[in-house]
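Good morning, and thank you for making time on the agenda. Please look at the sequence and the structure as they come up, and I shall then take you through some selected features.

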Amino acid sequence: MNKPVAVPPEESRPGAETRWAVCAAVLLTVLVLAVFLQTVRFSFVDYDDNRVVTEHPVILQGLSVDTILWAFTNFHFAIWMPLTSLSHLLDVTLFGLWAGGHHLSGMLWHLAGVLAFFLAARRLLGGVWPAFFAAALYAVHPLRADSVAHVASRKDLVCAVFTALTLWAHARHALSPSPMRYLTVAVFFSLALAGKPSAAPLPLALLFLDYHPLGRFGTGEGGRPTRCAWASLAEKIPLLALSAVVVVVGMRGQAVFGALADTSDAPLLSRLLQMPVPVVHYLHSLLWPVGLSPHYPPTAVEWGKWGTAACWAGMAAITLAALWWRRAGWPLVAWGFFLVMLSPVLGLTPFGNAPVADRFVLLPSMGAALLAGWGAERFRARFPLRWGAGVAAACAALVLCLAGMGWRQTGYWRDTGTVAARILAVCPEDDLGHTLAGNLLFNSGDLPGAVAHYRKAVEIRPYHAPWRYNLGAALLETGPPGEAAAQLAEAVRLDPGDHGARMNLGLALMALGRLDEASAELRRVVSAEPENANARVNLGVCLMRMGDTAGAERELADALRLEPGNAAAQANLELVRSGG
């Protein structure tokens, strides 16, 4: 049976070790500030920040009784994440729409997660030095840039804080079980789930820690599981029940968002066969964090049959090596922890609409960081003092190198322009990168440049309705209305519920003189959105051109009733009433 790590309670440790722990925490704080404080000068980016914060009608209200209740009873960006929603509401209350304040809050959440992980690592690794090295790697790795510098990724940081605290609380409970300590584990785990449902596999990951270093999952005489092993399994059942509830709720949110259709088109067997590809992608990013992108296209995990076979072979080799080295404990535990925590984003379960993303590896990388801390300590302990100092110096150099790379990667999130440029520099065939670049050009008045990028996005992903809508709307401003109508009609066919695309289709049909078709489309928009003043103005203008002055006057008057300051409604209503 595995022996538990003899880590005495903090209050009984020598004072020197406590002072070293405080120094380590200070150094971790300095590292986080050095890499991520730059984000205070960053702006929001036109990549989910608008839908999560800057244009969200509830979040913009700030904290109140009603918005707090909303956070617990509604989906936010198709995810049930009340704790994260509360953090955004608090930011709006404190900072309004000053992007620097929201970024500062994100950095502080990451700092809290790093310090919580240091506490957990100190418990699990049994010393300050290996825990500091593990936490430092976790804190500044370039893969953290996505989570810290992207306001819409706050959910990952909130979840990570309470995931780390769950690890810490579970280690305390395992070494000295008590109902109160178990309740602490359950509370922290519940808060992690309230931050983001990606913490759902954590109870299974805790079983690996029970095996080692906590020594609770072994066998007794005759190979029979010990009583402690059965207790370890049993105490995970309530936690797994919480996970199951959150997973069911999360799937409902993704269904509302439409993400399930994006990931469930492929047969189950095909998705199973592809699972090793993202694993290898993330391992490569962890070990060689070069060429990271804020977004990856589906081609990032389309490696073909031979590439997929190679990934299966690589995973098998790692698993066999971990099993062969299982007496050491940590290699097998870290590999199992990594795979379990990565399982929700491997494409088997239909969560999310991105094939791979750097932020997805935030929780799984805790296992890799613990392995690195154990390995560095084991390597240092095997050599004389002077060589041990050399190992420590090499570890410090590695941390500083990763910090520099992390600082640079974080800089790619400065604004929408730098995000778009970085995506296209790494992945020239990324449809989102072309869309972001097109949006910037459209807003700056460079319509031909915007059209070129929008065309490329449609070429890469022809069955995505928003990309068709963007191209159609830009063409409506620049070119013959025929092509604009064709693109907008395809957008409506792909997504009949997109009333913005339908309204623009009506405008394009009006420009072509096809007034009956235009009025039919605009009536559908008004029927679906009776409070949309602009839709009524457009319908009124269409009816006026058709000679239906009574209908035009009615729609334009309703538009003014809904929006008294609408200049277009006022001008056209006067024109109708004057008989012009």
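**A nonpolar patch, a buried helix and salt bridges**

Helices α3 (65-73) and α4 (82-95) each supply at least two residues of a nonpolar surface patch; helices here are DSSP runs of H or I with at least four residues, numbered from the N terminus. This is a predicted model, in which local features need pLDDT of at least 70 and side-chain atom pairs count only at pLDDT 80 or more, while totals for chains, interfaces and linings use all residues. Residues are numbered from 1 along each chain as its sequence is written, and side-chain values use heavy atoms, without hydrogens or water.

The patch covers about 430 Å² and is made by Leu 63, Ile 68, Phe 72, Leu 90 and Leu 94. By definition, patch residues have over 30% relative accessible area and no salt bridge, with nonpolar side chains (Val, Leu, Ile, Met, Phe, Trp, Tyr) joined within 5 Å. Areas come from the Shrake-Rupley method with a 1.4 Å probe, and for residues only the protein chains shown count as cover. Leu 63 sits in the loop between α2 (49-54) and α3. Its relative accessibility of 36% makes Leu 63 partly exposed, the class between buried (under 20%) and exposed (over 50%).

I turn now to helix α27, residues 533-545. Why can α27 be called largely enclosed by the rest of the structure? The reason is that 11 of its 13 residues are buried, among them Arg 536 and Asn 538. The buried residues of α27 pack against α25 (499-511), α26 (515-528), α28 (549-562) and α29 (567-577), where contact means heavy atoms within 4.5 Å. Just after α27, Gly 547 adopts a positive phi of about 90°.

Finally, the salt bridges. The whole structure contains 20 of them, each defined as a side-chain nitrogen of Lys or Arg within 4 Å of a carboxyl oxygen of Asp or Glu. One joins Arg 122 and Glu 17 at 3.9 Å, N to O. This pair links distant parts of the chain, with Arg 122 in α5 (residues 99-125) and Glu 17 in α1 (residues 15-36), 105 residues apart. Arg 122 is buried at 7% relative accessible area, whereas Glu 17 is partly exposed at 24%.

Glu 459 is exposed, at 57%. Lastly, Asp 210, Arg 216, Glu 235 and Lys 236 are linked in a salt-bridge network.

Technical notes: Patch = residues over 30% accessible without salt bridge, like charges linked within 9 Å, V, L, I, M, F, W, Y side chains within 5 Å. Buried < 20%, exposed > 50% of the residue type's maximum accessible area, 1.4 Å probe, protein only.
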